[in-house]
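Notebook open, model loaded. I want to jot down what I looked up, one topic at a time.

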Amino acid sequence: MSTENFIALDTLCIHYKVTLSFFYNLSDNGLIDIEEIAATRYIHQDSLHEIEKIIRMHQDLDVNIEGIDVVLNLLKKIDALKTELHAVRNRLRLYEN
């Protein structure tokens, strides 16, 4: 398997100044997926935005892993509700005209 779309966990630890155990805890709680390729652990580059959001919550707001999980679930629900509200408004406009 090619590693061109993956970022090594060691590199992320150095860049974001977090420990490997932080990423393992995130993985254990189902917040990120860690891939192992040739005895090196990687994160897919598509997960980078989510990881940055998690690290900001953890470092800047001092939110623990369980709290981060709750916040991310609530944000997903908010996005789903916004999408549903947008669809309902569009249907309502059809009846108003």
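First, my naming: helices (H or I, at least four residues) and strands (E, at least two) are DSSP runs, numbered from the N terminus. This is a predicted model, so I needed pLDDT of at least 70 for local features and 80 or more for side-chain atom pairs, while totals for chains, interfaces and linings use all residues. Residues count from 1 along each chain as its sequence is written, and side-chain values use heavy atoms, with hydrogens and water left out.

I checked phi in the loops. Most residues other than glycine have a negative phi. I found Lys 17 in the loop between helix 1 (9-16) and helix 2. Is Lys 17 buried or exposed? Lys 17 is exposed, at 71% relative accessible area (my cut-offs: buried under 20%, exposed over 50%, partly exposed in between, with a 1.4 Å probe and protein chains only).

Ala 38 also has a positive phi, near 55°. Ala 38 sits in the loop between strand 2 (35-37) and strand 3, and with 71% relative accessibility Ala 38 counts as exposed.

**Helix 2 against helix 3**

Next I looked at how helix 2 (residues 20-28) packs on helix 3 (residues 48-60): the angle is about 110° and the axes are 12 Å apart. I take axes as lines fitted to C-alpha atoms, for helices over the stretch in contact, with angles from 0 to 180 degrees between N-to-C directions. Helix 2 and helix 3 are therefore roughly perpendicular (65 to 115 degrees; under 35 is roughly parallel, over 145 roughly antiparallel, the rest oblique).

Which residues meet here? From helix 2 I noted Phe 22, Phe 23 and Leu 26, and from helix 3 Ile 51, Ile 54, Ile 55 and His 58; contact means heavy atoms within 4.5 Å.

**Aromatic pairs**

How many aromatic pairs does a search of the whole structure find? I got 2, counting rings of Phe, Tyr and Trp (its six-membered ring) with centres within 6.5 Å; planes under 30 degrees apart are stacked, over 60 edge-to-face, the rest tilted.

Phe 6 and Tyr 42 have ring centres 6.3 Å apart and planes at 65°, so I logged the pair as edge-to-face. Phe 6 is in strand 1 (residues 6-8) and Tyr 42 in strand 3 (residues 40-44), so the pair ties together parts 36 residues apart in sequence. Phe 6 is buried at 16%, and Tyr 42 is buried at 14%.

Phe 22 and Phe 23 are also edge-to-face, 5.8 Å centre to centre with 70° between the planes. Phe 22 counts as buried at 6%, and Phe 23 is buried at 0%.
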